[in-house]
Amino acid sequence: MASSHSTADAHGHGALNRGRLPGSEHINHPNPGILTVIYFALLGLLVVTVGLYSVDLQKVIKFVPGINLIVALIVAVIKAALVVWFFMNVRGGTRLIALWAFLGFIWLLFMGGIFMDYLTRHWVDQAGWQAIQRR
Amino acid sequence: MSTSPSLRAMEANYVPAQAHHGAEQELFPQFEDIDQQNECYVVGMWTFLVTEIMFFGTLFLAYAIYRTLYHEAYLDAHHFLNVFWGTLNTFILLTSSYTMVMAVWAAQQAKKWLTIAMLAATIVCSFGFLGIKYIEYSTKIHEGLFPGYGWNYTKALRILEEEHGGGAKAGGEHGTAAEGGHGTAASSHEGPAAGHGAGHAADYSEIQPGAVTFDRAPKEGFNAMTGTVPETIGAPVLSAEATREETRGRHARLFFSIYFTMTGLHGVHVLIGILMMAVLIVMYLMNHKLVRDYIPTELIGLYWHFVDIVWIFLFPMMYLIS
Amino acid sequence: MSVSAIRQPDAGVEVHGTTPEPVREDYLNTDHSIMSWLLTKDHKRIAIMYLIGITLVFGLGGLAAGIVRLELTAPKGQFLSSEAYNKMFSAHGMIMVFAFLVPSIPASIGNFLVPLMVGARDLAFPRLNLISFYAWLVGSLLMLGAIFFGGVDAGWTFYTPYSSIYANGNVALALVGVFILGFSSIFTGINFIVTIHKMRAPGLTWFRLPLFIWAMYATSVIILLGTPVVAITLLLVVIERVAHLGIFSPELGGDPVLFQHMFWFYSHPAVYIMILPSLGIINEIIASACKKRIFGYPFVAFSSLAIAMFGFIVWGHHMFATSQSMYSSMVFSVISFLVAIPSAIKVFNWTATIYKGSVEFNTPMIYALSFIGLFVIGGLTGLFLASLATDIHLTATYFVVAHFHYIMVGGALTGFLGGLHFWWPKMTGRMYPEFWAKIASIVLFIGFNVTFFPQFILGYIGMPRRYHFYAPEYQIWHVASSIGATVLGVGMLIPAFYLLWSLKYGRVAGKNPWGAVGLEWSHADSPPHPHNFHEIPVVTWEAYEYGNGHGHSDHDVHDNSNGHPEIVTVDAPERIHA
């Protein structure tokens with residue numbers, strides 16, 4: 001492909017002629033100050049993650065089963081969100097970028113439907129056993 | 001760390017620099033203007049990352065399903081993973097993400113040597129990460145924890161016991177589980193050692209290598225199998241407790257299969273990242289026309305942050321099971 | 001393309017019947033060297049290379065199908081060993097699904113048309129497009145290598161633990177091939193998504209897009225979100241087989257049904273990867289043949305997206321007869337019924353479009369009409385399989401085989417052939433012989449039905465799929481099916497001959513032989529210029545604007561006969577991003 005600079009040529013590359021299209025958004029970039037802050041926030045959250053491991057939250061909060069796992073996952077999600085939002089600059093990006101950035105994470109939830117199977121398999125057993133016992 | 005003026009002001013200041021870049025950047029013939037081209041590249045990279053999310057997401061899902069099914073075996077097995085190395089590796093990866101994002105920033109500012117330095121720092125970090133992974137992997141393989149070849153859970157349990165000392169382990173987060181009646185695989189060796197210890201070891205040495213093998217395929221094809229009973233069905237019948245222990249061992253093996261697959265694929269992604277960053281540095285040194293602009297650095301940065309995110313989830317899920 | 005090949009374009013020369021005197025530069029004649037094809041970044045040339053490639057693998061897959069049909073004419077088989085038979089139907093399935101159907105329309109016709117239809121000079125990432133083709137080539141060659149040198153007998157579904165532990169043959173190699181093919185379609189998907197989002201011509205809003213573009217967009221979304229899942233799943237099988245890291249191995253407490261979950265999470269949407277582009281093509285053909293706007297345009301457009309979305313949450317209906325929980329099956333059954341709604345929306349809207357249209361029975365329209373009929377049969381028999389009770393009876397019988405062949409061959413392949421005929425003049429600049437084309441399309445329709453309708457009956461009376469030997473009472477239906485397959489095979493060969501013939505001897509088509517609207521007809525030559533348009537059009541009209549019975553062949557065209565583009569100030573609605 002003849003690498004054409006943006007000057008118009010015989011193929012009708014009127015790039016410069018068209019001028020800046022008013023509808024296009026452009027991408028803003030973050031500054032190093034905020035990135036450094038985020039970096040230290042991430043390190044702080046890492047400390048929280050490791051700290052959680054040696055603390056049994058179940059002793060404090062009894063009524064939520066698997067609270068440790070839930071909190072650990074929430075911390076991980078916060079960390080990931082910080083990376084996505086600031087480091088990967090979805091914040092300064094266009095709406096389209098944000099759409100695609102989150103679509104994948106959301107779509108993964110659909111696949112969580114697999115759990116629907118594994119969590120209800122034993123229901124069948126129970127119902128079956130009850131039917132047998134009734135007989 | 002620079003004292004930053006307000007973000008908005010920075011971004012406002014930044015616009016001329018970007019325009020400056022746009023003028024230098026090569027505009028490919030299919031695009032109308034530089035903003036369109038840049039957004040196309042960033043969106044293109046993100047759509048690719050969406051596929052990566054689904055790719056690793058599937059593995060996480062498999063992990064989560066087996067963890068729900070075999071929670072206790074997972075709890076046992078994760079003690080073989082070294083939390084210190086894991087934490088250190090997380091720290092290293094987070095740092096590499098930071099240096100990467102600084103490399104992108106330097107590239108946007110057209111600071112060539114700062115970009116190269118930051119990319120190099122990222123590569124150093126990722127080699128550190130891979131080095132630690134090498135240490136971890138080789139330890140596991142020596143202990144007999146690689147599920148493919150040389151799997152020997154008994155040996156691994158013994159090593160774990162020797163390293164940590166029986167009492168300390170049982171007194172720690174293990175205690176409740178052991179008292180609760182389902183002795184974890186680790187503590188079962190301390191408790192009933194007098195009566196069972198030797199017997200168990202013998203059971204494992206007999207069963208582990210033999211019963212769980214993958215070379216069962218009859219050599220003459222599936223047709224040859226008709227009429228013969230698969231050998232697994234004919235395996236020796238064990239006592240209830242031994243069966244339970246053996247099942248634990250198998251589930252632990254499942255855990256390590258997933259562990260090695262996930263960390264292995266993550267490691268492959270790290271390697272690819274290193275390769276791309278190395279190519280990028282060479283291009284900067286050559287003053288290649290593609291790196292007149294920040295977009296290549298930005299795209300590799302996006303990829304690298306994604307690798308980081310995968311590890312952010314891998315670390316608590318593998319190393320910190322509670 | 002080399003710069004030396006640039007000649008003065010002389011748009012507007014439209015000659016029927018004779019070769020235009022001043023040779024107009026197009027993407028075919030711009031450079032004739034082999035390397036200019038192998039290293040091209042022109043989406044049109046890549047589309048042609050894809051077209052040639054998928055036609056060749058289609059031939060191989062069809063050959064395998066022919067052998068399977070021949071073998072099944074006798075209850076104890078004709079000449080194959082059972083193992084060879086297993087390998088043969090596996091080869092047919094793998095080649096047809098992974099190497100042919102998934103890339104077929106998107107990578108060939110779609111690749112050619114997407115930039116033309118959205119008014120762009122090329123796809124957003126031409127280099128990635130070329131890489132996609134080579135990924136396809138490498139993946140297909142690996143898969144074919146695995147098939148030819150030893151064979152694979154695990155079926156195209158590769159169910160564990162058979163594929164991961166017990167199966168002989170080159171399963172791992174074939175899986176690596178499929179993995180690479182996955183990358184090929186991912187790259188195509190990325191390209192289409194970005195192109196459709198970002199590279200539409202000024203004024204070409206989403207609801208002015210041809211419905212084919214909507215279909216390609218929905219297809220690309222499925223490709224992006226589904227393909228990686230099957231890639232990793234198959235990779236896990238490879239890892240289990242080669243490195244013995246058992247993920248699905250029941251010996252370790254792994255669940256083979258988990259493989260099926262993950263496999264069908266992609267492979268059910270993959271059916272929509274095959275059918276959605278066809279649905280898109282049918283829109284274009286019907287609108288052009290009836291000279292009418294597609295009835296209910298927005299509903300048809302959104303039904304594509306709805307099919308893509310529903311397609312992702314129905315995978316469990318492939319697993320009603322496994323250990324999947326009953327409650328899960330019920331949910332999947334209900335959602336599977338929902339897929340019928342957007343599909344029916346399309347069919348009803350086409351019917352409404354045809355109603356009172358001045359229908360022109362050209363070859364593409366015959367394909368479109370047979371598509372509608374076959375798609376309806378295929379879709380409605382799908383409902384039998386979505387209901388729990390009937391599915392228990394019909395699972396893994398020939399009923400299933402007939403059902404998905406009605407969708408994949410009767411739907412996807414018919415749409416593909418229809419689209420190929422419809423855009424053949426645009427791609428090659430020549431018309432195909434109409435008489436032979438009509439004969440072929442009718443032969444195909446008859447052959448197809450004779451082949452696959454008996455299989456519904458076979459399945460209903462209990463013949464399981466993939467069986468080599470069967471009870472003698474099934475023979476009559478098998479023979480009927482095999483006779484139909486012969487007719488089908490002949491029907492496939494006729495187009496192969498006359499399309500090749502038309503390349504040299506066909507009538508010169510001219511810019512817009514159908515009088516259709518759409519940027520590819522009104523603003524691009526046949527065959528198009530290497531950069532598609534002499535001037536990027538500014539779109540000020542709606543899709544399928546057939547109001548006065550003529551196309552927009554002279555709508556807003558800025559001829560630049562002297563090779564200098566006019567300066568266009570963007571006064572029309574601006575390019576709308578995102």
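Two residues are in contact if their C-beta atoms, placed from the backbone, lie within 7 Å. In chain A, among contacts between residues at least 6 apart in sequence, 50% join residues at least 24 apart. The structure is a predicted model, in which local features need pLDDT of at least 70, side-chain atom pairs count only at pLDDT 80 or more, and totals for chains, interfaces and linings use all residues. Residues are numbered from 1 along each chain as its sequence is written, while chains are lettered from A and ligands numbered from 1 in the order in which they are written.

**Chain A**

- Helices (H or I, at least four residues) and strands (E, at least two) are DSSP runs, numbered from the N terminus.
- Chain A has six helices and zero strands, which gives the pattern α-α-α-α-α-α along the sequence.
- A residue is buried if 20 or more other C-beta atoms lie within 10 Å of its own, exposed if 12 or fewer, and partly exposed in between, with C-beta atoms placed from the backbone.
- Of the 135 residues in chain A, 27% are buried.
- The predictor's confidence in each residue is given as pLDDT, from 0 to 100.
- The average pLDDT of chain A is 75, and 73% of its residues score at least 70.
- Where pLDDT is low, the predicted coordinates should not be read in detail.

**Chain B**

- Chain B contains twelve helices and zero strands.
- Buried residues account for 45% of the 322 residues in chain B.
- Of the contacts in chain B with a separation of 6 or more, 73% are between residues 24 or more positions apart.
- Chain B has an average pLDDT of 75, with 69% of the residues scoring at least 70.
- Over residues 1-23 of chain B, pLDDT stays under 50, and the model has 19 contacts beyond four places in sequence for them.
- Residues 166-231 of chain B also have a pLDDT below 50, and this stretch has 74 contacts in the model beyond near neighbours in sequence.

**Where the chains meet**

- Contacts between chains B and A involve 50 residues of chain B and 51 residues of chain A.
- On the side of chain B that touches chain A, at least two residues each come from helix H1 (7-24), helix H2 (34-69), helix H4 (83-108) and helix H12 (295-319) of chain B.
- H2(B) gives the most to this side, with 18 residues.
- For the classes used here, Ala, Val, Leu, Ile, Met, Phe, Trp, Tyr, Cys and Pro count as nonpolar, Asp, Glu, Lys and Arg as charged, and the others, Gly among them, as polar.
- The side of chain B that touches chain A has 29 nonpolar, 14 polar and seven charged residues.
- Contacts between chains C and B involve 39 residues of chain C and 39 residues of chain B.
- On the side of chain C that touches chain B, H7(C) gives the most, with ten residues.
- This side of chain C has 24 nonpolar, ten polar and five charged residues.

**Helix H8 of chain C**

- H8(C) has 35 residues and reaches 51 Å from its first C-alpha to its last, close to the 51 Å expected at 1.5 Å a residue, the expected span being 1.5 Å times one less than the number of residues.
- At C:Trp264, H8(C) bends by about 35°, an angle between axes fitted to the seven residues ending there and the seven starting there.
- H8(C) is mostly covered, with 34 of its 35 residues buried.

**Residues inside chain C**

- Which residues does C:Lys87 touch, not counting residues up to four places away in sequence? They are C:Gly151, C:Val152, C:Asp153 and C:Gly169.
- C:Lys87 lies in helix H3 of chain C and counts as buried because 21 other C-beta atoms are within 10 Å.
- C:Leu175 touches C:Phe158, C:Leu234, C:Val237 and C:Val238, not counting residues up to four places away in sequence.
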